[in-house]
Amino acid sequence: MDNGKYVRYTPEQVEALERVYAECPKPSSLRRQQLIRECPILSNIEPKQIKVWFQNRRCREKQRKEASRLQTVNRKLSAMNKLLMEENDRLQKQVSQLVYENGYMKQQINTQVSSTTTDTSCESVVVNGQQQRKNPTPQHPEIDVNNPAGLLAIAEETLAEFLGKATGTAVDWVQMIGMKPGPDSIGIVSVSRNCSGVAARACGLVSLEPTKVAEILKDRPSWYRDCRCLNVLRVIPTGNGGTIELIYLQTYAPTTLATARDFWTLRYTTSLEDGSLVICERSLMTVTGGPTGPPATSFVRGEMLPSGYLIRPCEGGGSMIHIVDHIDLDAWSVPEVLRPLYESSKILAQKMTMAALRHIRQIAQETSGEIQYTGGRQPAVLRALSQRLCRGFNDAVNGFVDDGWTIMDGDGVEDVTIAINSSSSKFLGSQYNTLSILPTFGGVLCARASMLLQNVPPALLVRFLREHRSEWADYGVDAYSAASLKASPYAVPCARPGGFPSSQVILPLAQTVEHEEFLEVIRLEGPAFCPEDIALSRDMYLLQLCSGVDENAAGACAQLVFAPIDESFGDDAPLLPSGFRVIPLEPKSDVPAATRTLDLASTLEDGTGGTRPAGEIEASNYNHRSVLTIAFQFTFESHYRDNVAAMARQYVRSIVGSVQRVAMAIAPSRLSSQLTPKPFPGTPEAVTLARWISRSYRVHTGGDLFQVDTQAGDAVLKQLWHHSDAIMCCSVKMNASAVFTFANQAGLDMLETTLLALQDIMLDKILDEAGRKVLLLEFSKIMQQGFAYLPAGICVSSMGRPVSYEQAIAWKVLNDDDSNHCLAFMFINWSFV
């Protein structure tokens, strides 16, 4: 057969080739020849023609997938275009309303000026008119609890007010920075301005049908991490096919410094004439009428203003969702410094509004098969594990009395609170735990503390705590926690942070669509800390949840929560979570920021306290404040209760000190160069190393690294430590990765780390591919000549941020015997990209 001639395949031949293609889209030459031998109907076709058929088949498959993808994108863009047109109409209405109000106010002012009377009632009329438009609070007569018609009247009014916020101008919405619409974006997210309480709104597209979306959204505990419980106390069907539900909702407090909130609401589910589904909700209070909600002594009653979900079907499938959350958390009931937590619409948007939309998108992609998970666990199981970690940590932070928590007497210093839960039935599924059934089981102990931080971005701090566990954790305490999973408890250790260094290996389990949350297993490797511990496995495992590490997410809470597990933990394994939560204290967007600041981080190094220099504060406009909450849980035997309490209190205090040192270490990298420098390490070893670095540089290059008047004492070390360029040393060992052993202040700022954490950083991890190639080419020159100049390039800090430098110099550091000690690098004129 002529190889250049077009081959017309019979249906039987196509069927045989399709069967092979389904098993192997790209068969090898041997496989194609074997196919011809095994299929007589293909015997008259040359192997080259078979190869061309498979090439064409792969091309058609690729074109089909691309066409399907483009159709999906086109549907999304069409729906997004419709959404943007509606948003544009809403903004035009808002502009018209503002123009009308402006004209009305001018007219009232002119009337007042021309009038000789001193009556100011017209001003109050204008202000009250605006206030009524933004926050209507109509008064209702007392409604009969047993009369559905009265509740339906409240429900219909709630529906009208909610639609006015979702698609109208009832609230002055401002789009959040970075929330640009597009086919792959989460949607359009806006926050309120100049309204009572805090409000947030989101509009987005998902590939699920409206009824499925409504089912997910109504199950608030499944996606709202701060929801403690949601009880539907009564369901009333309405004549129009909808339902009215009376709901009691409890939410967790975000920190130990505040009280939890609860809500008593009416939820109304109905359909609109255009086929849209609506779920709207509002609090039942004296001004609204309706039945009185259940009392709660440990909560502050919050108010939910008309909020809800508008779910519209899209052409071709899927749904367009409008979400509105509008609540008043009674901010005046908390200390003044914490009020931003309850007055920030951005925090509400991140924790509720965007969380709901992200959860729906996550389930939609899991349903369509777009997300692949490893480890053999189903997505629902992984979500349940994440939820249990968050819930267990929230329970520890709040310590509700009805859960069995009681406060222990302190030791005279009120910085750390110790709570005890002796109820085994509350121990997170005690039927799966072997320790809780022991006769000596005493319960669960929680040590918790909160502190305020200044100029420390929450995302950056949590990323550091995640990647540099040895900076704050104690291997002995980790071993005690791991032993709590076994039937024979471990001896109570003394908390000695950093005394037993261990390395960690992060094993990813799952991550959300936008990578704002990671679920992972941490393997801890380290030495047993006393001879009696030989029987205990060297490797320990933690199930860890990390979220909020995106520095660009406005109002996002950063969190690191973990719990000890066995190596082969089951889906229902007992979890006793501990961890950190950092929440930004952003001032309310429509009021001036408080002039008074709490700078607790300024007292971190060497116990120096007080306030920072005035020039330093003026030099930086960053001025981030955040509240850090720490909670660590331990099981204990009844006769060891006081020992474990003392250990836990000491451990949390040591962690607070470590976090404060870390905060001081990472804060300057984001602030002005005028910040207080880190103290240099004045040990004899550091003084000797500084002298070797300086002398070796002069011997190899013929120039001085810096001018020093005297070689006595620590003068050389001081000059090296305060050098403007980043200078760092790394070990040189055969068959081992180069690990950093020393860096000056500029080097630590560039790497975004501390001296203690340098041992966790390897040279090949901070250099990009081009930098590694250049260093490999120049390495022999460095060893023979003693030094080499490296061109400008890009490296990466320990936090993953790119750093550019104009030039680098590498040289051998020789000891007093002129033997090779280490390699030194100097990165000149570096800066974060």
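**Close-ups of a predicted model**

**View 1. Arginine 225 and its salt bridge to glutamate 517.** Arginine 225 counts as partly exposed, at 24% relative accessibility (buried is under 20% relative accessible area, exposed over 50%, partly exposed in between, with a 1.4 Å probe and protein chains only). Its partner here is glutamate 517, with the closest N and O atoms 3.1 Å apart; a salt bridge means a side-chain nitrogen of Lys or Arg within 4 Å of a carboxyl oxygen of Asp or Glu. The two sit 292 residues apart: glutamate 517 is in strand E16 (residues 517–525), and arginine 225 is in the loop between helix H6 (210–218) and strand E4 (227–237). Helices (H or I, at least four residues) and strands (E, at least two) are DSSP runs, numbered from the N terminus. Glutamate 517 is buried, at 14% relative accessible area.

A word on the model: this is a predicted one, where local features need pLDDT of at least 70 and side-chain atom pairs count only at pLDDT 80 or more, while totals for chains, interfaces and linings use all residues. Residues are numbered from 1 along each chain as its sequence is written, and side-chain values use heavy atoms, leaving out hydrogens and water.

**View 2. Arginine 228 paired with aspartate 403.** In this salt bridge the closest N and O atoms are 3.2 Å apart. Again the pair links distant parts of the chain, with arginine 228 in strand E4 and aspartate 403 in the loop between helix H9 (379–398) and strand E12 (405–407), 175 residues apart. Both arginine 228 and aspartate 403 are buried.

**View 3. Glutamate 467 with arginine 466.** Here the closest N and O atoms of the salt bridge are 4.0 Å apart. Glutamate 467 is partly exposed at 28% relative accessibility, whereas arginine 466 is buried at 18%.

**View 4. Helix H14, residues 684–701.** From first C-alpha to last, H14's 18 residues reach 26 Å, close to the 26 Å expected at 1.5 Å a residue (that is, 1.5 Å times one less than the number of residues). Its buried residues include Leu689, Trp692, Ile693, Tyr697 and His700.

**View 5. A nonpolar surface patch.** Tyr100, Tyr104, Met105 and Ile109 make up this patch of about 390 Å². Patch residues have over 30% relative accessible area and no salt bridge; like charges are joined within 9 Å, nonpolar side chains (Val, Leu, Ile, Met, Phe, Trp, Tyr) within 5 Å. Areas come from the Shrake-Rupley method with a 1.4 Å probe; for residues, only the protein chains shown count as cover. Tyrosine 100 lies in helix H3 (residues 47–114) and is exposed, at 56% relative accessibility.
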